[in-house]
Amino acid sequence: MSDSRPDAADAGDPDVVIVGAGPAGLSAGLNLVRARHSVLLVDTNRPRHAPTLHSHGMLGLDGIPPLELRRLGREQFLAYPGAAHLTGRVASVSADLTVSITGVRGGPDRELRPRAVLVATGLSERLPQVQNLRAYYGTALHSCIECDGYEKAGLPLALIGQTSDLAARALEIAHWSPDLVVFTNGAPVVTAAEERMLADAGIRIERDDIDEIAGERAVMTGVRLSSGRIVTRSAGFVRPDWLPQVDFLVTTDASRDSTGRIVVDRGFRTDVRGLYAAGDVTAREPMQIAVAAGEGAVVARSIHLDLLGASVGGQLAGPPDFRDGSLIG
Ligand SMILES: Cc1cc2nc3c(=O)[nH]c(=O)nc-3n(C[C@H](O)[C@H](O)[C@H](O)COP(=O)(O)OP(=O)(O)OC[C@H]3O[C@@H](n4cnc5c(N)ncnc54)[C@H](O)[C@@H]3O)c2cc1C
């Protein structure tokens, strides 16, 4: 387990353990140490956006490499007293908030009992089953339309996916390019009615299995179907399956929605006392850095007020009610 601030990380139970140091966890951590709480950020350092070179749409930082954004966030967090960061994997969080951490690269295991735990572990992605697709993911092929649509405007685009929302995503992508082909890779998705709607929008469908992404020297040139036919394309989007990284919560009763994401209230509290969740691991769109970081700030205020309330023996007012509906998720 590597440790960015040995003094703070070894200083006993912190007020808050944050699982995951992406935009949500880092933003929450920064706001919590500024509120003078001790915070341990634990992170496996496997960010979902690692394959991409530039992050778009974050105010003031448009185009920043995602790993640079994380480095800056860690540095600014660690500049405060009470801040600590461990590279490690949280193996379990129990209902009484006991956190078990598995050391990585030969580091020791640890067990902590903080006053609050924030889950900010994001999602993992299962890409459509196409050999060599991963080699083009993050450069020619992307998953986040709002993040990368602008750079792909006007190009001959592919949309590759096997899920029931494929037609809706195709109509969204067509805003950026009128030249779009949808590839279902043999999956029984896109209904006849949807296909007619797509045809009206000038979008074609290829239903055959995909053999591979065609390319020359890492530049995408097309999509090769199992028949051997190549459909010329120079870029596009894929629709992965998004899997919330929450296996370590099995011993709590934190509610999940039908996709496995954690259900939270407007203050990003789960239904387990002292357990919070923010970022992509909760259900909402769009899945973007600015949104995750914003949620980090909101949940930090909830945690701060709840800890303060517990200290004075009562409940303080939660964050302002600025969303419609009582539950997100
Ligand atoms: C290829 C790609 C490109 C993208 N481009 C953009 C873009 O241009 N602009 C934009 O706004 N958004 C972009 N996104 C989306 C953006 O990256 C996410 O919305 C954002 O990172 C979500 O932040 P998060 O903090 O919720 O989770 P993440 O950033 O996914 O962070 C979760 C962290 O938790 C850690 N973790 C997981 N499990 C454990 C565990 N058990 N113990 C300890 N640590 C754990 C992981 O290592 C990871 O560091 C992109 C996504 C992808 C996949």
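User: Which stretches go into domain 1 and domain 2?
Analyst: Keep in mind that this is a predicted model. The domain assignment gives domain 1 as 6-125 + 241-328, and domain 2 as 128-239.

User: OK, how many Å separate their centres?
Analyst: Going by C-alpha atoms, the centres of domain 1 and domain 2 are 33 Å apart. In the contact, ten residues come from domain 1 and 13 residues from domain 2.

User: What area gets buried between them?
Analyst: About 990 Å² is buried between domain 1 and domain 2, and carbon and sulfur atoms give 46% of that. On the domain 1 side, Pro51, His56 and Trp242 supply 46% of the area this domain buries against domain 2, more than any other three residues.

User: And how many salt bridges are there between domain 1 and domain 2?
Analyst: The count is zero. For polar contacts, though, the rule finds three residue pairs across the interface of the two domains.

User: Switching topic: why does the length of helix H2 agree with what it should span?
Analyst: H2 covers residues 23-34, so that's twelve residues, and at 1.5 Å a residue they should span 16 Å. The end C-alpha atoms of H2 are 17 Å apart, which agrees.

User: Which residues in H2 are buried?
Analyst: Ala24, Gly25, Leu26, Ser27, Ala28, Gly29, Leu32 and Val33 are buried there.

User: What about just after H2, what phi does Arg36 take?
Analyst: Arg36 has a positive phi, about 65°.

How values were computed. Residues are numbered from 1 along each chain as its sequence is written. This is a predicted model: local features need pLDDT of at least 70, side-chain atom pairs count only at pLDDT 80 or more; totals for chains, interfaces and linings use all residues. Side-chain values use heavy atoms; hydrogens and water are left out. Helices (H or I, at least four residues) and strands (E, at least two) are DSSP runs, numbered from the N terminus. The expected span of a helix is 1.5 Å times one less than its number of residues. Buried means under 20% relative accessible area, exposed over 50%, partly exposed in between (1.4 Å probe, protein chains only). Domain bounds come from an automatic or database domain assignment. Contact means heavy atoms within 4.5 Å. Buried area is the accessible area (1.4 Å probe) that two parts lose on being put together, summed over both. A salt bridge is a side-chain nitrogen of Lys or Arg within 4 Å of a carboxyl oxygen of Asp or Glu. A polar contact is a pair of N or O atoms within 3.5 Å; within protein, one must be able to donate a hydrogen and the other to accept it, and residues adjacent in sequence count only if both atoms are side-chain atoms.
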